[in-house]
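Visitor: Could you walk me through a few spots in this one?

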Amino acid sequence: MRAVDKYDIVIVGAGPAGVTAALHSKGDVLLVEKNKEIGVPVRCGEGLFGKIVDLFDVEDCVRDAHIVHDVEFYFPKGKKKRITIQSNDIYILNKDKFLQGILKKAMEKKDLQLTVKTNMNALHSYDSDYVYLDGNPVDARVIIDAGGISSQIGRAVGLTKPLDPKDIHVCAQYTVEGKSVDSGVLRLFIDKPYSPTGYTWVFPKGNHRANIGMGMLGTRHYDIKRYLNWFIADHYPNCEKTNYFIAPVCLAPPAERYVKDNVLLTGDAARFCIAMSGAGIGNAMLSGMYAGQVASSYLNGKAHLDAYQILMKKMLYKKLRRAYRYKEYFMKKDNINHLYRLTSFLFSLHSIAPKTMERFALKNVRF
């Protein structure tokens, strides 16, 4: 009979939550990724607020990122608002290199023995203590689920349920290159003709390149690729389009519990994506950091795994519930004008006290 491999911690998923969990773990750790290469394919707008980079000490991993400070919001009937972020940078990442950079930092830690296995699926059974990698059992003292929206582990142990269809949005994106692409402004179009049940984003990557995408409710049967092509043809004609993808995004409320037995949920597996915007990198990294730290402290006899539950409830739960309520409200018909008035009010306050408003946004919204 084949011997079962044993690890202190098994981390399932090498996205932002998974690689950050690895960076903040100690001991004998296995990181498992279903794709062949870490961070590939990129299925993300790749935007990240600068304070998050400082918080996780990953400045050396964003050296090739494009930085912007100006943001424009476009509303129906030609209404537009512009803001200049003064106290922080907004990074448009090369997400694959970003994740690989964090993983390299983890591999260099002296108190971490990290094994990375790619192109491998992980499953968990409620009536078993093992995590199964392509059908082979692995004994883990702690399992950190960083497997994203499609993760099976949280459901297998009873922490999460299947998503409500109205909380799944479909996102599509191209990388667009051409002279008409402004590299200095991040643009958000909350404009019904193009994205009837969501919004369109233009995230500049420098050198007249940008990620241009849109999200729509998954319960509506729109041809999202046709809408996206229509938008690009109107606003960025004669540009080259590459790297098309379509992917689901979880805009659900956060899970109620993130710990059961020896399993910790992080990132999108714990429903930590911000429902109002779809942004999730920052919260994924935050939850991954604390999952790695708590798991390591637990293995050293210095903490209980429920410490992670307490931390996430305090740091994320109320904010994400609030963001979900906002999403539900503004998705209703006729409420887009309320969003425009709210944005106008907040931008007026920003013109008076920019640094105060930016601190407030980081504390209450997160990117």
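This is a predicted model: local features need pLDDT of at least 70, side-chain atom pairs count only at pLDDT 80 or more; totals for chains, interfaces and linings use all residues.

Guide: Residues are numbered from 1 along each chain as its sequence is written, and side-chain values use heavy atoms, leaving out hydrogens and water.

Visitor: In β6, which residue is the bridge partner of Y74?

Guide: Helices (H or I, at least four residues) and strands (E, at least two) are DSSP runs, numbered from the N terminus. Strands pair if DSSP finds at least two bridges between them; β5 (residues 70-74) and β6 (residues 80-84) have 5, in the antiparallel sense. Y74's partner in β6 is K80.

Visitor: How do the axes of α1 and α6 run, roughly parallel or roughly antiparallel?

Guide: Axes are lines fitted to C-alpha atoms, for helices over the stretch in contact, with angles from 0 to 180 degrees between N-to-C directions. Those of α1 (residues 16-23) and α6 (residues 281-299) come within 7 Å and cross at roughly 30°. Angles under 35 degrees count as roughly parallel, over 145 as roughly antiparallel, 65 to 115 as roughly perpendicular and the rest as oblique. So α1 and α6 are roughly parallel.

Visitor: How many residues apart in sequence are the parts that E328 and K166 tie together?

Guide: A salt bridge puts a side-chain nitrogen of Lys or Arg within 4 Å of a carboxyl oxygen of Asp or Glu, and E328 and K166 form one, with the closest N and O atoms 3.1 Å apart. E328 lies in α7 (residues 306-330) and K166 in the loop between α4 (153-156) and β12 (168-177), so the separation is 162 residues.
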